[in-house]
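Hi,

Here is the structure I promised to pass on.

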Amino acid sequence: MSESTLPPIVVVQDRSVPRYTVSVRALCEFTAKAGDLDLRFTPTPTAREGMAGHLIVAQRRGQGYQSEVNLSAQHGALHVRGRADGYDPMRTRLEEVKTYRGQLASLPDNHRHLHWAQLRVYGHLMCEKLGLAHIHLALVYFDIGSQQETLLEETRSREELAALFAAQCERFMRWAEQELAHRHARDAALQALRFPHGDFRPGQRQLAEAVFRAHTARRSLLAQAPTGIGKTLGTLFPALKAAPLQRLDKIFFLAAKTPGRQLALDAATTLKEHGRLPLRVLELCARDKTCEYPDRLCRGDSCPLAQGFYDRLPAARAACLTQPLLDRDQLRSVALQHQVCPYYLGSEMTRWSDLIVGDYNYWFDGGAMLYAMAQAHDWRVSVLADEAHNLVSRARSMYSAQLSRAALRAARAVAPPAVAKPLERLGRAWTATGKKADLPYQVLEAPPARLVEALAGSVGAISDYLAQVAVPLEAPLRDFYFDAMAFVRLAESFGPHSLFDLTREDERNTVLCIRNVVPAPFLGPRFACAHATILFSATLAPWNYFADLLGMPASTAWVDVASPFQASQLQIRVAHRIATTWQRRAASIAPIGELMARQYAERPGNYLAFFSSFDYLQQAHGAFAHAHPEIPTWQQSRRMSETDRDAFLARFERGGQGIGFAVLGGSFGEGVDLPGERLIGAFVATLGLPQFNPVNEQMRQRMEQLFGCGYDYAYLYPGMQKVVQAAGRVIRTESDYGTVWLIDQRFGRPEVQALLPAWWQLDSPPAATPRDPR
């Protein structure tokens with residue numbers, strides 16, 4: 001079954017002894033790592049280069065050489081299995097191949113110890129399989145750059161290897177027995193778990209049933225559910241209930257923003273306390289937010305939390321398992337008590353946790369940690385993605401990359417001689433590319449082969465330099481290096497899903513960009529890997545927009561959960577006589593201010609006013625404050641800190657009065673919960689359509705070619721999602737009442753109103769206005 005470190009319980013033939021299955025790699029990582037955490041940046045081969053290196057080594061061997069040899073053995077209740085890289089029966093030699101760049105001497109000691117441990121375990125498994133009395137073991141280090149092999153060899157007897165294997169297994173068995181007991185207790189408790197609130201909220205049961213059915217059918221689900229029904233608990237509870245029957249190893253709850261993660265942690269706490277669940281819950285946070293020594297290198301001779309990391313890890317790991325919840329603060333507390341790095345302790349605890357809460361990028365990004373671990377350990381996982389309407393834009397950014405000529409010049413200025421010439425060649429290839437694009441903005445057919453070759457050459461030169469000197473790069477060269485690596489990776493997979501464009505900033509400076517339009521080809525493998533993927537949000541319509549752009553499987557189910565709210569709770573008013581298009585924006589400010597003042601006089605209280613940009617917001621706020629100084633106002637500013645955001649929301653207190661000005665689609669347009677008197681109304685100026693510019697027009701054209709509905713996919717649907725999300729801040733519970741003003745003539749159009757929630761009732765018939773592309 002699974003090679004997971006938390007696999008399903010499997011029973012051996014006598015049906016009395018539970019069997020724990022573990023991969024050779026996982027066994028050795030647990031038992032053989034010692035000493036410092038050593039993560040100094042050294043260039044490592046890409047996955048493609050690694051596979052190519054293994055193939056070259058295999059092709060150099062003689063006839064009869066066996067590659068990818070499946071091996072397994074039993075030790076008590078422990079079942080160990082894996083694939084050895086190669087075996088030469090003529091020499092009775094088993095090989096473990098490791099690819100690298102640069103100087104082999106720079107390989108950290110703990111890596112070398114791990115490699116030998118893996119090879120010796122494979123040696124034991126091969127001796128048992130073939131009945132060998134002894135075996136030759138070869139650790140083969142293959143230099144990707146020079147194509148040279150370095151062999152480290154030893155000969156071991158069957159008895160020696162059996163003793164080493166037994167010692168490894170015995171050391172791991174104590175932990176494995178604990179994990180088997182935990183898994184059994186967890187699944188038993190989940191089977192008995194009841195919903196914590198007695199009964200579901202209206203709409204919540206429909207959502208929960210759809211999520212449970214998706215897990216039973218092993219399919220993806222797009223779930224549109226109104227704001228305020230309890231979507232977090234309505235998805236997490238059925239996923240946990242499905243876990244024992246579907247033999248799920250882990251559930252990943254992914255959110256776009258911090259508030260979404262906190263809602264998941266709160267829901268998990270509620271379920272744990274209600275059902276007395278032995279559920280291990282872990283919150284993953286970005287490295288830059290958890291690093292205790294951001295000015296130090298991740299290695300033992302620089303950071304005190306990296307020194308002796310693996311020696312102190314077992315105690316820290318055991319301490320983590322005693323915590324009721326491993327959120328960011330608790331994980332940090334345990335890490336500092338045991339003097340280990342909080343970030344890498346969190347990475348370790350992903351192996352031993354049942355519910356992992358984090359950002360989208362942990363599963364959907366190109367280098368996603370959870371996705372890589374699920375593949376490596378063959379975990380059976382369920383993925384729950386909250387506020388999934390954000391996933392299209394987030395995924396596009398994950399699979400886009402850009403380079404600027406100014407950054408190349410800055411990198412060239414600090415480059416060592418070994419790197420300077422490749423960067424000069426890149427500059428010439430860049431110039432040639434620019435000559436083919438004489439417009440300020442232009443889309444080219446594809447990244448030119450000469451440019452990509454020069455970029456790859458520069459990346460290789462910097463990699464080789466790093467491997468030789470092992471010193472930090474100057475910041476301009478380092479930043480360009482990372483950007484260039486990302487660009488080269490995306491150039492290798494370039495296709496109709498992306499654009500390659502050039503922007504000319506001035507005579508000297510150009511910007512090259514691989515701009516993803518359709519993330520589907522990249523996300524498809526993520527959906528295929530998961531047992532079930534649940535994407536849920538208040539704005540997931542129309543379903544075909546998300547299915548097309550995200551690459552949802554053909555078997556994906558769709559549910560539109562009925563709203564628990566009544567139309568009488570929310571008064572929807574449309575300002576048909578105000579136009580907020582770019583050309584008429586200045587003229588709209590005064591009438592919008594008068595409308596807001598009238599509404600406020602009619603029912604004083606707390607309101608949010610949404611505008612499509614900071615410039616528009618600032619103009620509207622300045623005019624309103626001048627015309628109506630008696631009405632309290634406050635406004636969102638650019639690059640607000642977390643403290644500033646909290647202060648903005650704190651103004652919305654019960655019994656308070658005033659208007660907060662915010663940007664549509666920004667921090668306060670979604671994920672904000674202001675029930676009751678804290679918020680009694682909202683003004684939404686404009687449809688929130690993306691800016692009309694050459695980039696968006698090119699994206700519109702590409703989606704028109706691919707799907708036949710470019711305007712809707714590029715402009716209308718993304719804009720209306722922002723509108724519905726912003727308006728959704730007003731009604732949060734079944735006892736809330738409020739007013740939403742939709743301020744623009746275009747809100748009267750049938751195709752626009754078709755994208756509004758079905759339970760809304762507009763106060764007046766649509767106005768007959770001509771369709772404006774903006």
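Below is what turned up, from the whole chain down to single residues.

A word on the ground rules: this is a predicted model, so local features need pLDDT of at least 70 and side-chain atom pairs count only at pLDDT 80 or more, while totals for chains, interfaces and linings use all residues. Residues are numbered from 1 along each chain as its sequence is written, and side-chain values use heavy atoms, with hydrogens and water left out.

First, the overall picture. The protein chain has 26 helices and 24 strands (DSSP runs numbered from the N terminus: H or I with at least four residues for helices, E with at least two for strands). Its radius of gyration is 29 Å, close to the 28 Å that the globule rule gives for 774 residues, so the chain is as compact as a globular protein of that length. That radius is taken over C-alpha atoms, and the rule is 2.2 Å times the number of residues to the power 0.38. Along the principal axes, the C-alpha atoms fill a box of roughly 90 × 70 × 45 Å.

Buried residues make up 55% of the 774; buried means under 20% relative accessible area, exposed means over 50%, and partly exposed is in between (1.4 Å probe, protein chains only). Of the contacts (heavy atoms within 4.5 Å) with a separation of 6 or more, 77% come from residues 24 or more positions apart.

Now the holes. There are four cavities of 30 Å³ or more. A cavity here is a set of points on a 1 Å grid over the protein atoms alone where a 1.4 Å probe fits but cannot get out, and lining residues have an atom within 4 Å of a point. Grid points are joined across faces, edges and corners, and a volume is the space filled by probe spheres set on the points.

The largest cavity holds about 100 Å³ of space. It is lined by 13 residues, and the closest to its centre are C285, T290, L331, P342 and Y343. That lining divides into seven nonpolar, three polar and three charged residues (Ala, Val, Leu, Ile, Met, Phe, Trp, Tyr, Cys and Pro count as nonpolar, Asp, Glu, Lys and Arg as charged, and the others, Gly among them, as polar). Helices α10 (328-337) and α11 (342-349) each supply at least two lining residues, and α11 gives the most, with four.

The second largest cavity has a volume of about 90 Å³. Its lining includes L37, C291, C298, C303, C341 and P342, and it divides into 10 nonpolar, no polar and two charged residues.

So where does α11 sit, enclosed or out in the open? Eight of its eight residues are buried, so α11 is largely enclosed by the rest of the structure. Its cover includes β10 (281-283), α8 (287-290), α9 (309-320), α10 and α13 (369-377).

- Q339, in the loop between α10 and α11, has a positive phi near 55° without being a glycine. Q339 is partly exposed, at 37% relative accessible area.
- T92, another non-glycine residue, has a positive phi near 50°; T92 is in the loop between β4 (78-88) and β5 (93-100).
- The peptide bond from A541 to P542 is cis, with omega near -5°. P542 lies in the loop between β17 (532-537) and α20 (543-550).

Cheers

Key. On a 1 Å grid over the protein atoms alone, a cavity is a set of points where a 1.4 Å probe fits but cannot get out, and a pocket is an open set with protein on both sides within 12 Å along at least five of seven lines; lining residues have an atom within 4 Å of a point.
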